[in-house]
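Here are a few exercises to work through with the model open in your viewer. Try each task before reading its solution.

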Amino acid sequence: MKKLLFLAAIAIGFTACKKDKLEYETAAFEVSCSTCTIAYDNDGDQSTKSVSASFKKDLKLPSNASITVTPKANTTFRFYLTNREVYSIVVTRPTTFRYDYKANTLHDGVNTRSFGAPKSSSSGKETSSTCGATTKEGGRCQRVVKGGGYCWQHK
């Protein structure tokens, strides 16, 4: 009986001392084109594919993914967090996108997009990100929104 109580106390001690784990959003990318080539390296998951429609890939987390898109015509690159499109761009030249999971940023060689800090399951703080709606000019809205989603103008 004492052994059983001792083992139960140890089990409770281990579970009580667990550190809160950071909870990150899931990430994915999608490329749509008439013909293009995609090469990606996602934590050792490397591949090169010729695409003639659309290709979507979930990123392993944690990830410092590198995605190179080589278009033969205009190609649309979309980036998703938690199944919600947060960034989209028309690629007209070979472009390498780098996603830094820890910083939650996407870099296209010229610009860096920040999608806010990772969510922590231990705090009730909201994360901030950019609106992500497409503007009339075809770019992306740069307004910061709390908790994800769209800004007041694009709701």
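## Exercise 1: A threonine and its surroundings

This is a predicted model. T96 lies in strand β9.

**Task.** Find which residues T96 is in contact with, leaving aside its neighbours within four places in sequence.

**Solution.** 
- Start with position: T96 belongs to strand β9, which covers residues 95–100.
- Next, list the contacts. They are S66, I67, T68, H107, D108 and G109.
- Take G109 from that list: 13 residues along the chain separate it from T96, and their C-alpha atoms are 6.6 Å apart.
- Now take T68. Its side chain and that of T96 are joined by a polar contact of 3.0 Å.
- Finally, look at accessibility. The relative accessible area of T96 is 27%; because this falls between the 20% and 50% limits, the residue counts as partly exposed.

## Exercise 2: The sheet around β9

**Task.** Work out the strand order of the open sheet of 6 strands, and say which strands stand at its edges.

**Solution.** 
- The order is β4-β3-β6-β9-β10-β11, with antiparallel pairing.
- β4 (45–51) and β11 (112–114) each have a single partner strand, so one side of each has no neighbour in the sheet.
- From one strand to the next, the twist averages 15°.
- Zoom in on one pair: β9 and β10 (residues 105–107) are antiparallel and share 3 bridges. Within this pair, D100 sits opposite T105.

## Exercise 3: The disulfide

**Task.** How many disulfides does a search of the whole structure find, and what is the handedness of the one formed by C33 and C36?

**Solution.** 
- The search gives 1 disulfide.
- As a reminder, a disulfide is a covalent bond between the sulfur atoms of two cysteines.
- Here the sulfur atoms of C33 and C36 are 2.1 Å apart, which is within the 2.5 Å cut-off.
- The torsion about the S-S bond is about -65°, so this disulfide is left-handed.
- To finish, check accessibility: C33 and C36 are both buried.

Methods. Residues numbered from 1 in each chain as written. Predicted model: local features only at pLDDT ≥ 70, side-chain atom pairs only at ≥ 80, totals over all residues. Heavy atoms only, no water. Pairing = 2+ DSSP bridges. Helix = DSSP H or I, 4+ residues; strand = E, 2+ residues; numbered from the N terminus. Axes fitted to C-alpha atoms, helices over the stretch in contact; angles between N-to-C directions. Buried < 20%, exposed > 50% of the residue type's maximum accessible area, 1.4 Å probe, protein only. Contact = heavy atoms within 4.5 Å. Polar contact = N/O pair within 3.5 Å; in protein donor to acceptor, adjacent residues only side chain to side chain.
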